[in-house]
Amino acid sequence: MSFMKNLMEGTNFDHKSLNALQKVTLRAVVMSFLFFGLVALEGMIMRMVQVGPAAPIPNQFFHPEHYFSIMTVHPIVGIFGSTYQLVFAAFMFLVPFLTKKPLYSVKLANFVWLMITIGTALAWIAAFVWQYAPLYTLYWPLPADTSQFQVIGGIVFILGIALIMIGTLGFIYNIYATIFARVGVHKNKTTKELLISGFGVDGMLNLWNKLRGKPPYTKEPALALPVVAIFRGTVDTFLDAIVILSAGILVLAYLVFDASGHPLDVGAIDALLYKNYFWWGLDLVADGLVLIYIAGSWYLLATLITGQKLFMENVARAALMLELLVSWMVWSHHLLADQGQPEMMKLISGEMVTAFELLTQGLALFITLVTLWKARPLKVTMELKYLLGGLVGFGLGVPAAIIQADMGMNRILHNTQWIIMAHVHMALIVGMYMTLYSALYVLWPIVTNNTKMWSAKLSNAHFWLYLIGGIGMAAFAGMAGLDGMLRRHLYVNGEFNTYMILAAICGTMILVAWAIFLFNIIMSVGLKGLVGIFMPAEDKTASYGIDPVIIAENHQV
């Protein structure tokens, strides 16, 4: 097949053969990777600006207003526009796939990706056009400060965030309505049984009975372990959506009153109380979306790749329950350097409880690795390589954060590039995204009806460029933090040029890797197929019934 014919028609992709569930999944995936390209480009602009005036970029990028507006919207595009879309797409497909039940509503699934896409676009427009830049923390009263930022920019930004949170609530409702639907394998299950399994209580009872020498509470839990992780992580996602949505409504009220000529008193809101409330909700993104969701993804991928039962499954179920409880009590580690924060809250929440996250995530990593080890020999497939890359990312990123769960070390590191790069970017870009790439390669033949990937060489090039670039960028910028480079600060005189140049080179590798991956996908589905994904599905089926055992057979020697 000629290059142009392949570009237009793909390998063997036929969008007309896709059912409604497959199409809505792919729509969200496409938008996710488009936003990833945008966020990677934004990140490179910030890296180049930090290198200093010698960088060959337009002068307007050096204006502080422009730089900080990018810094404000960068995590919004990355976390919500890209990551939320990809995770939600995967889980709205996996829950029906694993439970053998139809998705509650394909229309609601379409609503979800549309709301998140439009909301992210509005937030980006507010930063790009009106340079609304209160930074992603939205610390009170900065987001309502109309002396620095235009009211219209703030209103558009907050409306965008609100749409994202509304879409998130739609995802949550869709997931729970699917899980609790008493059809198929759950036809004879009660709501109580599904709740007990969803929260992992059955796993804890199994462990307790084993210690007492009694028979297990249940030999066949109502929900598969990955569904338990999705159920559990979605609890945190719900709480996070409520917090961010309510904080956004508060900011919006102040902005609207200011625009009407009757400004409200910002002093009526206690800034420290607001900060605690906001961080309690925002940290649930890290604990629900990243830690719990990703742990469940590791368990699923390990079992699908190996075809083996998960090692220490009851312990894994109980650990997910522990992580859920821990996730509600650790937010104060963001406020360890805040002078107004109560010392006991810093000690208990910020230090002692936070330390449990190293235990729970370390246990998830151990269980996954042992499951893979016990199943040797395995073919070195793309999904296995990406899974191992994801484990490496979290193996580096989580300890980089726990180091700061100490009031003394936090004073030194928290407001530097160490936290945002060696921890956040390492955990998200390398740990979470490589795990999601592994899931993508596992699900690709299922969601696309066995469409052949155009180039295995490009897949490998993407893997190595992304892995080396992601670790390198996070590490070099993190080293700058160790030398005192502050985050949320614009350096233009080359103070940390060596580290920033190295980080920029590695960041370029990530951007190139994204372009390679996107090109490989387009050549696989073709431009006609890409457009066809967004056309109405002829088959309205909202489920997919291939047995996971069939997948596992493709990954064993």
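Before we click on anything, some ground rules. You're looking at a predicted model, where local features need pLDDT of at least 70, side-chain atom pairs count only at pLDDT 80 or more, and totals for chains, interfaces and linings use all residues. Residues are numbered from 1 along each chain as its sequence is written, and side-chain values use heavy atoms, with hydrogens and water left out.

**Stop 1: the whole thing**

Show everything as a cartoon. You'll find 18 helices and 0 strands; helices (H or I, at least four residues) and strands (E, at least two) are DSSP runs, numbered from the N terminus. The radius of gyration is 23 Å, close to the 24 Å that the globule rule gives for 557 residues, so the protein is as compact as a globular protein of that length. (That radius is taken over C-alpha atoms, and the rule is 2.2 Å times the number of residues to the power 0.38.) Along its principal axes, the C-alpha trace spans about 65 × 60 × 50 Å.

How much of the protein is buried? Buried residues make up 58% of the 557 residues. Here buried means under 20% relative accessible area, exposed means over 50%, and partly exposed is in between, using a 1.4 Å probe and protein chains only.

**Stop 2: H4 and H5**

Now select residues 106-130, which is helix H4, and residues 151-179, which is helix H5. Their axes come within 7 Å and cross at roughly 160°. Axes are lines fitted to C-alpha atoms, for helices over the stretch in contact, and angles run from 0 to 180 degrees between N-to-C directions. H4 and H5 are therefore roughly antiparallel to each other. The labels work like this: under 35 degrees is roughly parallel, over 145 roughly antiparallel, 65 to 115 roughly perpendicular, and the rest oblique.

The crossing of H4 and H5 is left-handed, a name used if the near helix is turned anticlockwise from the far one by less than a right angle (clockwise makes it right-handed). Residues in the contact of H4 with H5 divide into 19 nonpolar, 7 polar and no charged. In this scheme Ala, Val, Leu, Ile, Met, Phe, Trp, Tyr, Cys and Pro count as nonpolar, Asp, Glu, Lys and Arg as charged, and the others, Gly among them, as polar.

Zoom in on glycine 160, which is found in H5. Is glycine 160 buried or exposed? With a relative accessible area of 0%, glycine 160 is buried. Leaving aside its neighbours within four places in sequence, glycine 160 is in contact with Gly119, Leu122 and Ala123.

**Stop 3: H3 joins in**

To see them meet, show side chains including Phe80, Tyr84 and Phe88 in H3 and Ile164, Met165 and Phe171 in H5. By class, this contact has 15 nonpolar, 4 polar and no charged residues.

**Stop 4: isoleucine 367**

Jump to isoleucine 367 in helix H12, residues 355-374. At 0% relative accessibility, isoleucine 367 counts as buried. Not counting residues up to four places away in sequence, isoleucine 367 touches Tyr299, Leu310, Phe311, Met312 and Ala316.

**Stop 5**

Most residues other than glycine have a negative phi, and most peptide bonds are trans. Let's find some exceptions.

- Proline 141 is in the loop between H4 and H5; the peptide bond from tryptophan 140 to proline 141 is cis, with omega near 5°.
- Proline 377 sits in the loop between H12 and helix H13 (382-402); a cis peptide bond joins arginine 376 to proline 377, with omega about 0°.
- Asparagine 449, in the loop between helix H15 (417-447) and helix H16 (456-482), has a positive phi near 60° and is partly exposed at 27%.
- Arginine 488, in the loop between H16 and helix H17 (497-533), has a positive phi near 55° and counts as partly exposed at 24%.

Conventions:
Contact means heavy atoms within 4.5 Å.
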